[in-house]
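Trainee: May we go through this structure together? I would like to begin with the overall picture and then turn to details.

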Amino acid sequence: MALTRSDLASKIADAAGITQGQAADALKAFEATVTEALVAGEAVKLTGFAQFDTGERAARTGRNPQTGESIEIAASRVVKISAGAALKNAVKG
């Protein structure tokens, strides 16, 4: 079972004592801010919770699983998300 965007907004609204619409707007603003920072090459660190960063994946040779044919996979920029210590400890229990 996964927590959807509207479920998350509802939980944020309850926890913060705001409307669900305000929580949804805050969630959208958070997503936009993190996205803008990553596009600009900046890392986003929420101490204890998570770190969002980017990395480079080198070009490489892969295989088409259906045909076995070799294919060239282009270099790309990827998003890396690391859980913080407090989050890891909370999940461990």
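Trainee: What percentage of the residues in the chain is buried?

Mentor: Buried residues, meaning those under 20% relative accessible area with a 1.4 Å probe and protein chains only as cover, make up 15% of the 93 residues. Please note that this is a predicted model, in which local features need pLDDT of at least 70 and side-chain atom pairs count only at pLDDT 80 or more, while totals for chains, interfaces and linings use all residues. Residues are numbered from 1 along each chain as its sequence is written, and side-chain values use heavy atoms, with hydrogens and water left out.

Trainee: What is the radius of gyration of the chain?

Mentor: The chain has 19 Å, whereas a compact globule of 93 residues would have a value near 12 Å. The radius is taken over C-alpha atoms, and the globule rule is 2.2 Å times the number of residues to the power 0.38. Along the principal axes, the C-alpha atoms fill a box of roughly 55 × 30 × 30 Å.

Trainee: In which order do the elements run?

Mentor: From the N terminus on, the order is α-α-β-β-β-β-β-α, giving three helices and five strands. These are DSSP runs numbered from the N terminus: helices are H or I with at least four residues, and strands are E with at least two.

Trainee: Changing topic, how many salt bridges does a search of the whole structure find?

Mentor: The search finds one, where the term requires a side-chain nitrogen of Lys or Arg within 4 Å of a carboxyl oxygen of Asp or Glu. Arg 5 pairs with Glu 31, the closest N and O atoms being 2.6 Å apart.

Trainee: Which helices hold the two residues?

Mentor: Arg 5 lies in α1 and Glu 31 in α2, so the pair ties together parts that are 26 residues apart in sequence.

Key: Buried means under 20% relative accessible area, exposed over 50%, partly exposed in between (1.4 Å probe, protein chains only).
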